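Look at it first, then read on.

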Amino acid sequence: MAMEYFSGVAGVSLTFNVMMAVAFMAVFLLLVGFYFNIRKWSQGSEGWGLDPADGRKGNFMVFFKTYWKQLRSHSIHHEQNILETLVFDVLLLRRTARADPLRWFMHMLIFIGWMGLFSLSGLMFAVEMIYLVGFHYIDPEWFREFLQFPNQILGYVLLFGVIIAIARRLFIKKVKENTNSYDSILIVTLFIVVVTGFVAHAGRYIAFGITDFTGVDFIHYDYLFWTLGGMTPFLTYVKEIALTHSILALFIGFAFIPYSKYIHAVAAPLSMIVNKGGEH
Amino acid sequence: MARRAPSLDIKNMTAVQLMELDGCMRCGECAEWCPTYEGSGFSPGLSPRDKIYRWKRFIDKSYGFWATLFGPREITEEEFVAFKDDVHGCTTCGICATVCEAAINTVELWEAMRANLVKRGTGPYGKQNTMPKIINDTFNSYNEPKDHRLSWIPDDVKIADKADILYFTGCTAGIKQTNLAVSTARVLNKLGVEFCTLGEDEACCGSVLIRTGQFHKEEELAKRLVQSNVKNIEAKGATTVLYACSGCFRASLVDWPRLLGEKKPFKVMHVSQFLAEKIKAGEVDWVQKPFGEDKLVTYHDPCHLGRHVGVYDAPRKVLQSMPGMEFVDMKRNRAYQRCCGAGGGVKSGMPELSLSVAKLRVGDAMSVLYPEDEPKTKTNIFAQACPFCKRNLSDGRDALLAEENPRADIVIEDVIEICARALGLSNVKD
Ligand code: SF4
Ligand code: SF4
Ligand code: SF4
């Protein structure tokens, strides 16, 4: 019997091998993307006012060496310690908070939602792997159930953030005028991943046999909303929708990072750290 | 088919700077503050966000994923020229770096882009390309004979041949805006501070070459200037070098060590820092109200003294210590100050843009020196600590006066010139 796949789309028997192949492909694409980015950054020189050294263009070490050198050099502005930068500037987005509280709120929601879901998926994957190699300490099925609630909450956090982002781009004139395809691809793809995630999740209620929607509760509304009132296709194609979501999440929310504006999620923190929190 | 060569050769840009381009989240906060973007009536190309994005596209087209796999895509000469014009419409004021949500060191990016374009033959802007030759020939940026560097010195000023303290005059104060040099020298004399200068041997600090991306020209001219200055300062036996020009001060503090590749063997201070220390030590006795009557004074932080190197308090302390001076800050002050519009070669390259920014800054001062709802009873004071700021702010004031704006009637003076007044000294040569 094909191994059941639990991560992400639990309860729906996608074969483990299919998901593994897709996951590895996504990781491969991610690594290739980072390879090309670091290679691009390494076309630069190793210090202020210099030209790239002959024969070193594109050599990976150029980037890492230059970064390390700058990180260790004295800054005329301040020597903010790295921990303070990590906590206040990278994790709490202090620089954004100073500028625009709404944008900060939106960013935090997306950041917490995305990072949370990403981490929980990673955790689920780890539990599954541990189980697979023969250590039966945690039952993946139980663990998957345990994650349902936090996953759902984080999904809504992310969704709310994405909705604010879309609304800003649509309704705030200045933001709208300055939006280009580089910006919109990011938001639209994120929106698609989140929505398919909710639809897949709602379909699961039925697939799992949770049909007793008595009482006015969250699950009831959640189910009705994401299946458009329980429309048949959402229930018939639970498995396909779940598979689509998993693939989109892996490719868009993960593998796409180095090829798109998502790269800022890596490059901006690196910039904050190397510039010691920036000028002020 | 042979691959085309990349249109852009990565010169003068560090690996970290290339990464910073990818860190921009296009939040637009920089554009909210950029003085030239606002001063131009929001010309899209001048927005810092736009410049970062366009340069990122240039890099991606030349060295990105698709370029590596399928060959670089062409960037037309028109695109380069348009970019060059836009990247020079920047005073290097640095507020975009201060507010950048990704903490990108934008000023260094602009300067690196300028140098890159100069190296590929697209830059600099307009007549800026005459500067390296002029400075190479005369060692100053005003094309004056070397001995004109001494013509500012009044007979009453005593300058030692060698001293522990050296006053680095700078081309602007030494040749054009000599009131600043005269005031500085007289104030130091009055306070009993023995000082020397480099006299005819002083060379341009290199700032104009660095800011316009031309420091490598004329066989590494900027580096040669710095080497000459450092050697001569050492020969004078000075351990502290004072600057009254913010541009020179910034250059010697930040750029000189980088050009030399080593630390300077002396300490550098802006003269306002030096005076603030003297005031704190109780060594300064003001003898009169600088303007004979009580005045309201506000202070413009020169970008190259404030944001670039973090000197905010000293000039304020000096002003606040004087009799008859009530200090008030403008709404935009310190790190969030609005640039005067002169720096980065904008004053010489794009005088209209520079003037429109200056008018905005004078407007900031007007709103605190003469609040709308109060009658104007006297002429108040707008202080700064940089000869470029003084010049451009004065032009902005004059333009507003010419537009019949009576509230623009403001005295614009350097902190050190005001100090000279408070010590009963004249700030003109004769
Ligand atoms: S340095 Fe100042 S003038 Fe230049 S782009 Fe930034 S904000 Fe604008
Ligand atoms: S403030 Fe920084 S991150 Fe935001 S658009 Fe400007 S350069 Fe990009
Ligand atoms: S002249 Fe003064 S305000 Fe203007 S750019 Fe230079 S330092 Fe800044």
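By class, the shell around ligand 3 holds 9 nonpolar, 5 polar and no charged residues. Here Ala, Val, Leu, Ile, Met, Phe, Trp, Tyr, Cys and Pro count as nonpolar, Asp, Glu, Lys and Arg as charged, and the others, Gly among them, as polar. The shell has 14 residues, and the closest are P302(B), C303(B), G343(B), F388(B) and C389(B). A residue is near a molecule if its C-beta atom, placed from the backbone, lies within 6 Å of it. Helix α19 (residues 387–402) of chain B gives the most to this shell, with 3 residues. Helices (H or I, at least four residues) and strands (E, at least two) are DSSP runs, numbered from the N terminus.

This is a predicted model, in which local features need pLDDT of at least 70, side-chain atom pairs count only at pLDDT 80 or more, and totals for chains, interfaces and linings use all residues. Residues are numbered from 1 along each chain as its sequence is written, while chains are lettered from A and ligands numbered from 1 in the order in which they are written.

**The ligand shells**

| Ligand | Residues around it | Classes |
|---|---|---|
| ligand 1 | 17 residues | 12 nonpolar, 5 polar, no charged |
| ligand 2 | 15 residues | 10 nonpolar, 1 polar, 4 charged |
| ligand 3 | 14 residues | 9 nonpolar, 5 polar, no charged |

Which residues come nearest to ligand 1? They are C34(B), P48(B), C90(B), C93(B) and C96(B). The elements that give two or more residues to this shell are α3 (35–39), α7 (95–99) and α8 (106–120) of chain B.

Around ligand 2, the closest residues are C24(B), C27(B), C30(B), R49(B) and C100(B). Here α2 (29–33) and α4 (48–63) of chain B are the elements that give two or more residues. α4(B) gives the most, with 3 residues.

**Helix pairs**

Two packed helices are described by the angle between their axes and the distance between the axes. Axes are lines fitted to C-alpha atoms, for helices over the stretch in contact, and angles run from 0 to 180 degrees between N-to-C directions.

The axes of helix α18 (residues 351–369) of chain B and α19(B) come within 8 Å and cross at roughly 80°. α18(B) and α19(B) are therefore roughly perpendicular to each other. Angles under 35 degrees count as roughly parallel, over 145 as roughly antiparallel, 65 to 115 as roughly perpendicular and the rest as oblique. The contact of α18(B) with α19(B) has 6 nonpolar, 3 polar and 4 charged residues.

In chain A, the axes of helix α5 (residues 101–132) and helix α6 (residues 140–171) come within 7 Å and cross at roughly 160°. That makes α5(A) roughly antiparallel to α6(A). Their contact has 21 nonpolar, 5 polar and 2 charged residues.

**Domains and chains**

Chain B is divided into domain 1 (15–123), domain 2 (129–280) and domain 3 (295–422). These bounds come from an automatic or database domain assignment. The C-alpha centres of domain 1 of chain B and domain 2 of chain B lie 32 Å apart. 7 residues of domain 1 of chain B are in contact with 6 residues of domain 2 of chain B. Two residues are in contact if their C-beta atoms, placed from the backbone, lie within 7 Å.

The contact between the chains takes 43 residues from chain A and 42 residues from chain B. On the side of chain A that touches chain B, α12(A) gives the most, with 7 residues. That side has 16 nonpolar, 19 polar and 8 charged residues.
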